[in-house]
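Please open the structure in your viewer and keep a selection tool at hand. The stops below say what to select and what is found there.

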Amino acid sequence: MHPTRKAALTAIALLAVATAGCEPGAASTTTHRTSAKPGCPTVLSRAERAVKKAEAVDAPWKGPTTGPEAAGHGKSIVFIAHDLSNPGPAGVAQGVQEAASLLRWSARTLNGQGTPEGYRSAFKKALALKPDGIAIAGFDPGSVSDEMKEAKAAGIPVIGWHSAPTPGPDGSPDLFTNVTTRVEDVAKISADWIIARSGGRAGVVLFTDGTVPFAKRKSDLIKKELATCSDVKLLSYRNVPIPEANKRAIGEVRSLLARFGDKWTYSAAINDLYFRHTAAALRAAGKDGAGAPFNIGAGDGDPSAFQRVNGKRFQAATVPEPLTEQGWQIADEFNRAFADKPASGYVPSVHITTAANSGGALSWDSEGYRQAYRKIWGK
């Protein structure tokens, strides 16, 4: 068993001992509830079951086990990140580099700098390098439509990460495939965690980036799921583009606290990055890092998010993407494209990380993915 899984199991076992004799069903997920009867008992019960399943720490490999052997040495790929200040695409880029090194391919990472102009500029640089494949991470292929046409004309496959509404080859006709968990699953489990942990009574602030269609859809789905519980109130739906989160965080938190005070008990955000920036403002306002508002990041589960969760510092949970694993998946999808084979169609399952089940880890990936891909590639 992976050491982080073993540690997590130990933590859960200790927690079970510590809570023995407490109210049936009480656990880390459902603490800090109000004593009032929830207004959505059926929804609450369903949410509790879903969260318990998502918090399970064993994650055996459920991805592909067959595929083409590794393409010959010397293949080149370029990874264009939405913004390298965003730890999500930065983490995936590291996974791509790791897999490419094993395959003896060259891999270069370019920074889109969080703007359509930056995406286009980076894509033009990528095309000038004449690579065998291009990956785009965290932005819509429609924002680089002319460059996508150039890539297609040159026979260069383009793979997305969080670049289309759905995973797989059906997410965008311009992409060979789109690597991601299902946004519906991530959004639903994030909202379910709030419903379950609050006992069906919460005042929620939701942070999104309306400039990224994928992110906007995720937050809309979170909003929809929260609305299934009548006593969970959406206090505010805040559009804060990720590149602006740092400079806007203090003002946003001050405004929200002035408007809602202690009614603000939970937050959800389309990316953990928001809680990196809001933490200082909440601390300055005298808030307890282990207290309300209890914050959950609906992606991406970067190391800093795990540190906040593990230390109970203004983030209680994250729904992490398996970032390194997805970098390896992108390499595998390119290998399939180079061999004129279809995309794998693999979609990782959602997971919730809390201080109780992380085992002190700083990332979340399925067990055995490296071994599985090495076996497929003959490496």
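**An aromatic pair**

Begin by selecting Phe207 and Tyr274, both of which are buried (buried means under 20% relative accessible area, exposed over 50%, partly exposed in between, with a 1.4 Å probe and protein chains only). This is a predicted model, in which local features need pLDDT of at least 70 and side-chain atom pairs count only at pLDDT 80 or more, while totals for chains, interfaces and linings use all residues. Residues are numbered from 1 along each chain as its sequence is written, and side-chain values use heavy atoms, with hydrogens and water left out.

Rings of Phe, Tyr and Trp (its six-membered ring) pair if their centres lie within 6.5 Å; planes under 30 degrees apart count as stacked, over 60 as edge-to-face and the rest as tilted. Phe207 and Tyr274 form a stacked one, with 5.9 Å centre to centre and 20° between the planes. Phe207 belongs to strand β6 (residues 202-208) and Tyr274 to helix α9 (residues 273-284), so the pair ties together parts that are 67 residues apart in sequence. Helices (H or I, at least four residues) and strands (E, at least two) are DSSP runs, numbered from the N terminus.

**Along strand β6**

Stay in strand β6 and select Val205. Val205 is buried, its relative accessible area being 0%. Its C-alpha atom is separated by 6.5 Å from that of Tyr266, 61 residues apart along the chain. Show next the residues in contact with Val205 (heavy atoms within 4.5 Å): leaving aside neighbours within four places in sequence, these are Ser236, Arg238, Leu256, Trp264, Tyr266, Ser267 and Ala268.

**The aromatic cluster**

Now select Trp61, Trp328, Tyr346, Tyr369, Tyr373 and Trp377, which form one aromatic cluster. Trp328 is buried at a relative accessible area of 3%, and Tyr369 also counts as buried, at 3% relative accessibility.

**Asn335 in helix α11**

Move to Asn335, placed in helix α11 (residues 323-338). Asn335 is buried, with a relative accessible area of 1%. Not counting residues up to four places away in sequence, Asn335 touches Pro68, Glu69, Ala70, Ala71, Trp105 and Trp377. Its side chain reaches the backbone nitrogen of Ala71 at 2.8 Å.

**Charges over rings**

Which ring has Lys75 over its face? Select Phe338: Lys75 lies over its face, at 4.9 Å from the ring centre. A charge sits over a ring if NZ of Lys or CZ of Arg is within 6 Å of the ring centre and within 35 degrees of the ring normal. Then go to Phe294, where Arg197 lies over the face at 4.2 Å from the ring centre.

**The parallel sheet**

Finally, switch to a cartoon view and select the open sheet of 5 strands, which has the order β2-β1-β3-β4-β5 and parallel pairing. Two strands pair if DSSP finds at least two bridges between them. β2 (106-111) and β5 (177-179) stand at the edges with a single partner strand each, so one side of each is left without a neighbour in the sheet. From one strand to the next, the twist averages 20°. Strand β1 (residues 76-81) pairs with β2 in the parallel sense over 6 bridges, and Val78 stands opposite Arg108 in β2.

Axes are lines fitted to C-alpha atoms, for helices over the stretch in contact, and angles run from 0 to 180 degrees between N-to-C directions.

Definitions and conventions. Polar contact = N/O pair within 3.5 Å; in protein donor to acceptor, adjacent residues only side chain to side chain.
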